[in-house]
Amino acid sequence: MSTIDLNADVGELDPDIDARILQVVSSVNIACGGHAGDEQSMGRVARIAAAAGVRIGAHPSYVDRENFGRTRIDTSPTALIGQLRDQIAALRSASPAPVAYVKPHGALYHVAASDPETARAVVAASDGLALMGQAGAEYLRIAEAAGLETITEGFADRAYTDDGSLVPRTRPGAVLHEEHAVLNQVSRLARGQVLTITGEVIEVRAQSLCLHSDTVGAARLAVRIAAHLRDSGFEIRA
């Protein structure tokens, strides 16, 4: 049986949605204060994850709660490293289980994928932890060169461009809401492909599939995705 990781960004909005998602995923990316989350939410989600045997990852961002971390902020690499280390440390303090990896959030995720200076800051702040992101991201390349573990991911609920990047959220169709569209994308991603917004089929290397907890119907989609993967012959495992 093939295996695949199923991850979700949690600790951001609704505790009830998080609790339902945690029943079916194998990894969680926990918001740790930069764009959302606080000591209470980090501890709550981490305790549920630890009890369920779900792998815990840190989901740090630019310090930007007003814009939910989705706006690029110009800051020095030194300052950014400090901010990210503080967020990861906060999650470690709140979690009863080890933090296994780091996945940047929002604008930081995209900037670190292409900007070498930001990418180096993200890798430095991770202090040896594994890094999760899209295949080809600059920060994954730097991490791999340093001998660090990397985890490549694809997105169940986001549309792709022809170059393999995500369609910006400012554009129509950037987020997939229809269940059939999400499940079709999951099927392709699990086998290393995706259908882009223009109808092209491209290769995507994804060891993990991500679902956002702020997508409409996220909890229901998580259950359906997990069932769909199992029915398709995949074991969900970190």
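Predicted model: local features only at pLDDT ≥ 70, side-chain atom pairs only at ≥ 80, totals over all residues.
Local features need pLDDT of at least 70 and side-chain atom pairs count only at pLDDT 80 or more, while totals for chains, interfaces and linings use all residues. Residues are numbered from 1 along each chain as its sequence is written, and side-chain values use heavy atoms, with hydrogens and water left out.

**View 1. Helix H2 from end to end.** Here is H2, residues 39-52 (helices are DSSP runs of H or I, at least four residues; strands are runs of E, at least two; both are numbered from the N terminus). At the N-terminal end, Asp38 is the cap, with a side-chain oxygen 3.1 Å from the backbone nitrogen of Gln40. Gly53 follows H2 and has a positive phi, near 75°.

**View 2. The buried residues of H2.** Look for Ser41, Met42, Gly43, Val45, Ala46 and Ala49 (buried means under 20% relative accessible area, with a 1.4 Å probe and protein chains only). Their packing partners are strands S1 (2-10), S2 (27-31) and S3 (55-59), plus helices H1 (15-21) and H3 (77-94).

**View 3. Glu138 in helix H6.** Glu138 belongs to H6, residues 138-145, and is buried, at 14% relative accessible area. Beyond four places in sequence, Glu138 touches Ala112, Ala113, Ser114, Asp115, Pro116 and Ala119 (contact means heavy atoms within 4.5 Å).

**View 4. Ile225 in contact.** Leaving aside neighbours within four places in sequence, Ile225 meets Leu6, Ala156, Val182, Leu183, Val186 and Leu211.

Notes: Expected span 1.5 Å × (residues − 1). Buried < 20%, exposed > 50% of the residue type's maximum accessible area, 1.4 Å probe, protein only. Polar contact = N/O pair within 3.5 Å; in protein donor to acceptor, adjacent residues only side chain to side chain.
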